[in-house]
Amino acid sequence: SPSVPSVNGVTDAEGQIAGAPPVELDTHARLHVSNMSVMIDMDKMVLIAQEDLDRLTKASGGAAEALMSELHAQDSKVREREAALQLARSTLESSSNELAQVLLRLELAEQRQREEQEAVSKAAQHAKLQNPWQHEQLARRAAIQDNKERMQELRQQLQQADADVLLWGRVDELLGKRGLQNFVYEVAVVELQRRAAKYLEILSEDSLRLELALDTQVVERRLLVRLTDGSYAARSLHQLSGGQWRRLSLALSLAFSETSLERTGTTCNLLVLDEVMQHLDSEGCMRVGKLLEDLISRQLTCFTTVLVILQTSVGEELGDAFDQVDVIVKRHDCSSVMSIS
């Protein structure tokens with residue numbers, strides 16, 4: 001039931017003003033009170049509706065934000081799908097181009113294969129035809145094969161000939177002037193120097209020394225002469241005195257004779273010396289005589305008899321050095337032998 005309006009707007013449940021005694025209202029007042037109550041109720045309902053509207057507005061605002069977020073997410077997904085679709089379209093287009101190129105190459109390969117097959121077929125057809133020069137061609141091929149075999153044999157013979165040339169060249173080098181012969185000469189020169197030094201030491205009291213060396217085909221000679229201080233100095237043959245030259249010549253002659261007999265295997269017991277004491281002083285003649293005595297007494301060589309041809313004056317000085325002295329006298333174009341001892 002509508003409330004009764006009051007002065008201060010506060011009424012009780014029966015429409016009485018609180019704190020006031022109940023009054024009796026007429027119909028018009030009741031209507032007025034009723035209208036006032038309706039208006040108050042409408043205001044309350046407006047307030048309630050406004051509150052509901054605010055709540056709905058707040059609720060709809062959150063939903064709108066959620067909806068916008070979802071729309072943005074959907075839009076991003078759509079863009080991603082469009083990008084993926086665009087990439088797929090590009091890949092498909094590239095694959096299509098590559099496939100077209102592959103198909104083109106395949107077509108060209110098939111065409112080339114067909115051309116090769118046609119060429120092979122034509123060659124087979126030409127091969128089946130009778131060649132009028134086939135017999136001559138076969139004969140020439142056989143001749144070429146024979147020539148190749150002959151050439152191979154000649155190459156082998158040439159290689160063998162080259163090997164033989166190298167071999168015989170090596171043999172010639174070993175047995176030639178620079179090979180074995182040179183070695184024999186070197187040994188002979190060394191032996192000749194050793195034997196000459198033995199005789200020269202006796203003839204010159206070691207005042208002369210001779211050194212021999214083989215240089216290719218030339219025998220080099222080096223003379224050493226003892227000085228007063230005991231040292232040795234090199235001298236040439238032209239610097240030697242007559243006596244030194246004679247001593248050196250006799251030593252070399254004896255050494256050469258002895259070496260020749262030994263190397264040739266010849267047996268000879270007679271040694272003939274003609275005018276070997278020419279240009280020698282008395283001391284030199286005495287040393288030659290002593291050497292000749294040593295040759296026989298000490299058996300320095302294979303000679304057992306020494307025949308020496310001397311001038312009369314030298315022979316008189318060395319008469320005691322010989323077992324027998326014969327004097328040859330020439331008179332009136334005739335010569336006679338006189339035995340002295």
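Contact here means heavy atoms within 4.5 Å.

**View 1. The whole chain of a predicted model.** The model shown is predicted. The protein holds six helices and seven strands. Read from the N terminus, its elements follow the order α-α-α-β-β-β-α-β-α-β-α-β-β. Of its 341 residues, 18% are buried. Among contacts with a separation of 6 or more, 49% join residues 24 or more positions apart.

**View 2. An open sheet of three strands.** The strand order is E1-E2-E3, and the pairing is antiparallel. Which strands stand at the edges? They are E1 (208-215) and E3 (232-235). Each has a single partner strand, so one side of each lacks a neighbour in the sheet. On average, neighbouring strands here are turned by 30° against each other, direction ignored.

**View 3. Strands E1 and E2 side by side.** Strand E2 covers residues 218-226 and pairs with E1 in the antiparallel sense. How many bridges does this pairing span? There are eight bridges between E1 and E2. Which residue in E2 stands opposite alanine 213? That residue is glutamate 220.

**View 4. Helix H3 across the sheet strands.** Helix H3 is formed by residues 180-204. H3 lies across both E1 and E2. At what angle does H3 run to E1? The angle is about 175°. The E1 strand under view is also an edge strand of the sheet, with a single partner strand.

Definitions and conventions. Residues are numbered from 1 along each chain as its sequence is written. This is a predicted model: local features need pLDDT of at least 70, side-chain atom pairs count only at pLDDT 80 or more; totals for chains, interfaces and linings use all residues. Side-chain values use heavy atoms; hydrogens and water are left out. Helices (H or I, at least four residues) and strands (E, at least two) are DSSP runs, numbered from the N terminus. Buried means under 20% relative accessible area, exposed over 50%, partly exposed in between (1.4 Å probe, protein chains only). Two strands pair if DSSP finds at least two bridges between them. Axes are lines fitted to C-alpha atoms, for helices over the stretch in contact, and angles run from 0 to 180 degrees between N-to-C directions.
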